[in-house]
Amino acid sequence: MEKIYECPENYRLNKPEELNELKNDLVKAIGIQILQALEDFASNVEFLKNDIDSAFPELPDDILQK
């Protein structure tokens, strides 16, 4: 998730259909849920960055050095 956060355009997530080869239905369902969560995260990265940046503005250098 950190890598996706830093540079989302460099990551291609598998599509849920690509998991159809899995024989275990439970593993397939969990994989689909994970992929969906990662897709949601990747599509909201810009909003998350703006939200985090506004909540935690950069501190001046003199404060960081103390």
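This report walks through a predicted model of a protein chain, from its overall build to a few of its residues.

## How to read the model

Residues are numbered from 1 along each chain as its sequence is written. Because the model is predicted, local features need pLDDT of at least 70 and side-chain atom pairs count only at pLDDT 80 or more, while totals for chains, interfaces and linings use all residues; side-chain values use heavy atoms, leaving out hydrogens and water.

The predictor's confidence in each residue is called pLDDT and runs from 0 to 100. For the protein chain its mean is 80, and 88% of the residues reach 70 or more.

## The overall build

The protein chain has 4 helices and 0 strands, giving the pattern α-α-α-α along the sequence. Helices (H or I, at least four residues) and strands (E, at least two) are DSSP runs, numbered from the N terminus. Among these elements, α2 has the highest mean pLDDT (89), and helix α4 (residues 61-64) has the lowest (60).

Of the 66 residues, 15% count as buried. Here, buried means under 20% relative accessible area, exposed means over 50%, and partly exposed lies in between (1.4 Å probe, protein chains only). The accessible surface comes to about 5,700 Å², with 56% of it belonging to carbon and sulfur atoms. These areas come from the Shrake-Rupley method with a 1.4 Å probe; for residues, only the protein chains shown count as cover.

Side chains of opposite charge can pair when their charged atoms come close. How many salt bridges does the count come to? The count is 1 salt bridge, meaning a side-chain nitrogen of Lys or Arg within 4 Å of a carboxyl oxygen of Asp or Glu. K28 and D25 form it, with their closest N and O atoms 3.9 Å apart.

Both residues lie in helix α2 (residues 25-43), 3 residues apart, or about one turn of the helix. K28 counts as buried because its relative accessibility is 18%, while D25, at 57%, counts as exposed. Leaving aside residues up to four places away in sequence, K28 touches L19, N20 and L22, where contact means heavy atoms within 4.5 Å.

## A nonpolar patch

L26, I30 and I34 form a nonpolar patch on the surface, with about 300 Å² of accessible area together. Patches are made of residues with over 30% relative accessible area and no salt bridge; like charges are joined within 9 Å, and nonpolar side chains (Val, Leu, Ile, Met, Phe, Trp, Tyr) within 5 Å. I34 lies in helix α2 and, at 48% relative accessibility, counts as partly exposed.
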